[in-house]
Amino acid sequence: MKAVILLSGGLDSSTVLYQAKADGCQCYAISFDYQQRHRKELNSALMLANTVGVIEHQVVNFDLRQWGGSALTDDKINLPQQRSLAEMADHIPITYVPARNTIFLGFALGYAEAIAAERVYIGVNALDYSGYPDCRPDYIQAIQEVFRLGTKQGRSGKPIKIIAPLIDLKKTEIIQLGNQLGVPWHLTWSCYAGNDIACGVCDSCQLRLAAFAELGLKDPVPYAGG
């Protein structure tokens with residue numbers, strides 16, 4: 001069974017890549033260089049794809065900085081730092097990139113249909129306090145219908161299925177699943193800042209560190225000041 005996996009190099013997408021491998025899929029990874037602030041994540045995506053032994057790894061290049069609208073694509077917008085989990089859950093954060101997952105899934109769908117894949121795996125999660133609108137179950141359900149109606153495969157009665165195995169899991173549960181699957185956490189990258197060492201204070205770092213700490217585990221990724 002062929003599957004396209006959206007691979008950012010972060011904790012969630014890496015777990016999904018290993019899950020697809022465990023599901024017996026022939027894995028084709030796709031990553032995106034959209035001129036994001038934290039492009040270091042692409043190095044992690046490359047290393048993870050090589051470690052798993054994907055059949056092919058596509059890196060798609062385009063520039064979302066020309067539109068901005070997010071702290072990840074506009075250097076004039078400061079990254080949120082040292083926020084509590086309650087603050088993160090209060091509203092959709094400025095790190096939300098407008099329509100990013102819709103753009104990503106459009107590329108993944110085209111790639112999947114071109115290679116006659118049956119599945120597209122994505123590491124969206126609705127419970128990690130981000131509140132992103134394109135990480136929620138109703139969004140995935142709607143995009144699944146687009147997959148059915150907007151492709152030859154779908155109209156032929158064999159729609160490409162979106163697999164989102166992490167969507168209802170807490171971050172701690174994702175780490176536990178990754179441990180079971182053997183995800184090499186030291187190769188992953190979650191930090192939103194564009195530095196060589198994870199900042200430890202952005203929302204993504206805070207969520208990751210809190211989850212490892214709750215499980216009584218040490219995150220093997222080095223952090224500034226740590």
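**Notes on the predicted model**

1. Gly182 follows helix 7 and has a positive phi, near 85°.

2. Helix 7 spans residues 171-181. Its buried residues are Lys171, Thr172, Ile174, Ile175, Leu177 and Gly178. Helix 1 and helix 8 are among the elements that cover these buried residues. As a general point, an α-helix has 3.6 residues a turn, so residues three or four places apart point the same way.

3. Leu215 belongs to the segment after helix 8. Its contacts, apart from residues up to four places away in sequence, are Thr172, Ile175 and Gln176. Thr172 and Ile175 are also buried residues of helix 7. Between Leu215 and Gln176 there are 39 residues of separation in sequence, while their C-alpha atoms are 8.5 Å apart in space. Leu215 itself counts as partly exposed, because its relative accessible area is 26%.

4. How many disulfides does the structure hold? The number is zero. A disulfide would require two cysteine sulfur atoms within 2.5 Å. For Cys135, the closest cysteine sulfur is that of Cys202, at 16 Å, which is too far for a bond. For Cys202, the closest cysteine sulfur is that of Cys205, and the 3.7 Å between them is again too far for a bond. Cys135 counts as buried, with 9% relative accessibility.

5. Cys202 is located in the loop between helix 7 and helix 8, whereas Cys205 is part of helix 8. Cys202 is buried, at a relative accessible area of 1%, and Cys205 is likewise buried, at 1%. Setting aside residues up to four places away in sequence, Cys202 touches Pro80, Cys191 and Tyr192. With the corresponding exclusion of neighbours within four places, Cys205 is in contact with Cys191, Ala198, Cys199, Gly200 and Tyr223.

6. Which residues does UniProt list for "binding site"? The unreviewed entry lists Cys191, Cys199, Cys202 and Cys205. Such annotations may be inferred rather than shown by experiment.

7. The structure holds one cavity of 30 Å³ or more. About 740 Å³ of space lies in the largest cavity. Of the 40 residues lining it, Ser8, Asp12, Arg100, Gly123 and Tyr192 are the closest to its centre.

8. Which elements give two or more residues to the lining of the largest cavity? They are helix 1 (11-22), strand 2 (26-33), helix 2 (41-52), helix 4 (100-114) and helix 8 (203-214). Helix 8 makes the largest contribution to this lining, with four residues. Helix 8 is also among the elements covering the buried residues of helix 7, and Cys205 lies in helix 8.

9. By residue class, the lining of the largest cavity comprises 19 nonpolar, 13 polar and eight charged residues. Asp12 and Arg100 are among the residues closest to the centre of this cavity.

Terms used:
Residues are numbered from 1 along each chain as its sequence is written. This is a predicted model: local features need pLDDT of at least 70, side-chain atom pairs count only at pLDDT 80 or more; totals for chains, interfaces and linings use all residues. Side-chain values use heavy atoms; hydrogens and water are left out. On a 1 Å grid over the protein atoms alone, a cavity is a set of points where a 1.4 Å probe fits but cannot get out, and a pocket is an open set with protein on both sides within 12 Å along at least five of seven lines; lining residues have an atom within 4 Å of a point. Grid points are joined across faces, edges and corners, and a volume is the space filled by probe spheres set on the points. Ala, Val, Leu, Ile, Met, Phe, Trp, Tyr, Cys and Pro count as nonpolar, Asp, Glu, Lys and Arg as charged, and the others, Gly among them, as polar. Buried means under 20% relative accessible area, exposed over 50%, partly exposed in between (1.4 Å probe, protein chains only). Contact means heavy atoms within 4.5 Å.
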